[in-house]
Amino acid sequence: MVPRYSRPQMAALWTPQARYRIWFEIEAHATDALAALGVVPQSAADALWRWWATAPEIDVAAIDDIEAVTKHDVIAFLTWVARQVGEEARFMHQGMTSSDVLDTCLAVQLARAADLLIADVDGLLAALEARAREHKFTPTIGRSHGIHAEPVTFGLKLAGFHAEFQRARARLIAARAEIATCAISGAVGTFANVDPRVEAHVAAKLGLTVEPVSTQVIPRDRHAMFFATLGVVASSLERLAVEVRHLQRTEVLEAEEYFAPGQKGSSAMPHKRNPVLTENLTGLARMVRGYVTPALENVALWHERDISHSSVERYIAPDACITLDFALARATGVVEKLVVYPARMRRNLDAMGGLIHSQRVLLALTQAGLSREDSYALVQRNAMKVWESGGALSLLDLLAADAQVREALPADALAALFDLDYHFKHVDTVFARVFGAA
């Protein structure tokens, strides 16, 4: 965890104190169920909850000191709790194994982290929708291969990102459902020493479902899917970030990150206004994606369990969730404060002498009876003159002066093909698909 890229609510899920509190709840709920089944005395469960009701401070340092001797974190925790609770604590952990606690705890943490991430995406969706509606009919150039293609609107660009993050939200919901499973099944998952009803009780108390077959651990394909989902969401963030970074280039400058009063862009060049937030988002996305491969490699554990996954998850679980949480919040701020320059967009649209209308002329010529090959050649030979002039020449003027074009298309029909608004006649249709009917 890097404090610079952490937000308090998400980071709090991954503190030792938070982890130990979940461990205690797992143990106490399991002891409740064991007491109901007559396996342990009810007084044992009552003693645990009575101590918990005092809102005890978790002494992480003391647990660490015990672990230095036991070399086992769960035993260290149980030993410390027993010292606080007293004799009745000996009934904790009856029939359970460490992974019952560790894996169920991780499921709780990841499910809670997913809730925060889903809320983050909701914030980003709201920002994207607001700005998309604001610029629904703001004309700008569409680019393919980075080269001017045909006109779009800036609102359509943002609507596309909104649709993508709708999918991100759905994926996170699915990932949350898949990861939120409980395992209280004993040493190799056979329930030999702990009744399945204990697992069902703990799962219900913690808002989880039971793991159908847990061997000694919850199968790691679930975790792989969870972290892969985070990686996909991060990649969507990077696509948004790259779009802003390109639009902010000096030669383009159709939009830029908000530049706050007193902000400095360069230690050497006072004129600089750099896309630092979206560059940061690109870097953070790389980190989140970097955690996906270790999660995939964790799937292939030996037999009923080994612990090769354990050290990996101690890194990637907090770091991936914390980093993506921060990145989503940062992206929301970028969108909310994005400075948009419609006049510059229009200037760029007009920069290449009308080349952006070439397809309409091509299609009109085919409708007028020319073959597609001849139509393409006619438009291209004039378009290349405009291209080579850097936009100084006009495609409309060159086509109007071309005898073969004049023969196929009347002057007024040709001029009508250069109408910008033609390209936006279905914007409402796309918006209705993305945001629903008005």
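In the hairpin of β1 and β2, where two residues lie between the strands, His 145 adopts a positive phi near 60 degrees. The model is predicted, so local features are reported at pLDDT of at least 70 and side-chain atom pairs at pLDDT 80 or more, while totals for chains, interfaces and linings use all residues. Residues are numbered from 1 along each chain as its sequence is written, and side-chain values use heavy atoms, with hydrogens and water left out.

Strands here are DSSP runs of E with at least two residues, helices are runs of H or I with at least four, and both are numbered from the N terminus; two strands pair if DSSP finds at least two bridges between them. Within this pairing, Arg 143 stands opposite His 148 of β2, and Thr 140 has Val 152 in β2 as its bridge partner. In a regular strand, side chains alternate between the two faces of the sheet.

Two or more lining residues come from each of β1, β2, α14 (358–367) and α15 (372–388), with α15 giving the most, seven residues. By type, the lining divides into 13 nonpolar, eight polar and four charged residues. In this division, Ala, Val, Leu, Ile, Met, Phe, Trp, Tyr, Cys and Pro count as nonpolar, Asp, Glu, Lys and Arg as charged, and the others, Gly among them, as polar. A pocket is an open set of points on a 1 Å grid over the protein atoms alone, with protein on both sides within 12 Å along at least five of seven lines; a cavity is a set where a 1.4 Å probe fits but cannot get out, and lining residues have an atom within 4 Å of a point. Volumes are the space filled by probe spheres set on the points, which are joined across faces, edges and corners.

The second largest pocket holds about 520 Å³ of space. Of its 24 lining residues, Arg 19, Asp 73, Leu 102, Ser 310 and Arg 314 are the closest to its centre. At least two lining residues are supplied by each of α2 (16–36), α6 (98–134) and α12 (308–337), and α6 gives the most, with seven. This lining comprises nine nonpolar, six polar and nine charged residues.

Two of these helices, α2 and α6, also pack against each other, at an angle of about 120 degrees and with their axes 9 Å apart. Axes are lines fitted to C-alpha atoms, for helices over the stretch in contact, and angles run from 0 to 180 degrees between N-to-C directions. α2 and α6 are therefore oblique to each other, since angles under 35 degrees count as roughly parallel, over 145 as roughly antiparallel, 65 to 115 as roughly perpendicular and the rest as oblique. Their crossing is right-handed, a term used if the near helix is turned clockwise from the far one by less than a right angle, with left-handed used if anticlockwise.

Helix α2 has a further packing partner in α3 (residues 42–52), at an angle of about 155 degrees and with the axes 8 Å apart. That makes α2 roughly antiparallel to α3, and α2 passes α3 in a left-handed crossing. Another packed pair is formed by α4 (residues 60–70) and α5 (residues 73–85), at about 125 degrees with axes 8 Å apart. This angle makes α4 oblique to α5, and the crossing in which α4 passes α5 is right-handed.

The largest cavity contains about 40 Å³ of space, and its lining consists of Phe 154, Leu 158, Phe 161, Leu 240, Glu 243, Val 244, Leu 247, Val 335 and Leu 338. Both α7 (154–179) and α9 (221–247) give two or more residues to this lining; α9 gives the most, with four. Eight of the lining residues are nonpolar, none is polar and one is charged.
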